[in-house]
Amino acid sequence: MSYNNILTNKIYDLLVPMFGEVMSKSILKVQCAKINIPEEAIGVSHLDMLAEKIEIGIKVFLGAERSREVSRLIKELAV
């Protein structure tokens with residue numbers, strides 16, 4: 001899957017090894033909807049809030065520590 005938005009692609013690429021293509025796309029779609037933006041509209045200003053939403057959403061699959069690490073990696077994309 002390839003998005004036109006570079007940040008969306010980076011988050012997707014981060015999620016794919018853990019969740020596969022379909023689940024990663026779904027995670028992005030659902031969590032972006034929760035902050036009222038389409039996946040293709042992710043900007044630097046959205047990364048903190050989106051990372052926190054994704055962390056909550058994936059915690060059940062990865063546990064608290066690993067989901068916190070994923071959230072940190074997403075937030076670092078702003079640098």
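Tutor: A salt bridge here is a side-chain nitrogen of Lys or Arg within 4 Å of a carboxyl oxygen of Asp or Glu. The model is predicted: local features need pLDDT of at least 70, side-chain atom pairs count only at pLDDT 80 or more, and totals for chains, interfaces and linings use all residues. Residues are numbered from 1 along each chain as its sequence is written, and side-chain values use heavy atoms, with hydrogens and water left out.

The structure holds three salt bridges. Start with Lys75 and Glu52. Their side chains meet in a salt bridge at 3.5 Å, N to O. This pair links distant parts of the chain. Lys75 lies in helix α3 (residues 64-75) and Glu52 in helix α2 (residues 47-62), 23 residues apart. Helices (H or I, at least four residues) are DSSP runs, numbered from the N terminus. Lys75 is partly exposed, with a relative accessible area of 29%. Glu52 is partly exposed too, at 41%. Partly exposed lies between buried (under 20% relative accessible area) and exposed (over 50%), with a 1.4 Å probe and protein chains only.

Now turn to Arg72. Its side chain meets that of Glu69 in a salt bridge, 2.5 Å from N to O. Arg72 and Glu69 are separated by about one helical turn, because they are three residues apart in helix α3. Arg72 also forms a salt bridge with Glu76. Here the closest N and O atoms are 2.3 Å apart. Side chains of opposite charge can pair when their charged atoms come close.

How accessible are the network's members? Arg72 counts as partly exposed at 35% relative accessibility. Glu69 is partly exposed at 27%. Glu76 is partly exposed at 42%.

Last, the nonpolar surface. Met23, Val60 and Phe61 make a nonpolar surface patch of about 310 Å². Patches are made of residues with over 30% relative accessible area and no salt bridge; like charges are joined within 9 Å, nonpolar side chains (Val, Leu, Ile, Met, Phe, Trp, Tyr) within 5 Å. Accessible areas come from the Shrake-Rupley method with a 1.4 Å probe; for residues, only the protein chains shown count as cover. Met23 sits in helix α1 (residues 6-34). Met23 is partly exposed, with a relative accessible area of 31%.

How values were computed. Helix = DSSP H or I, 4+ residues; strand = E, 2+ residues; numbered from the N terminus.
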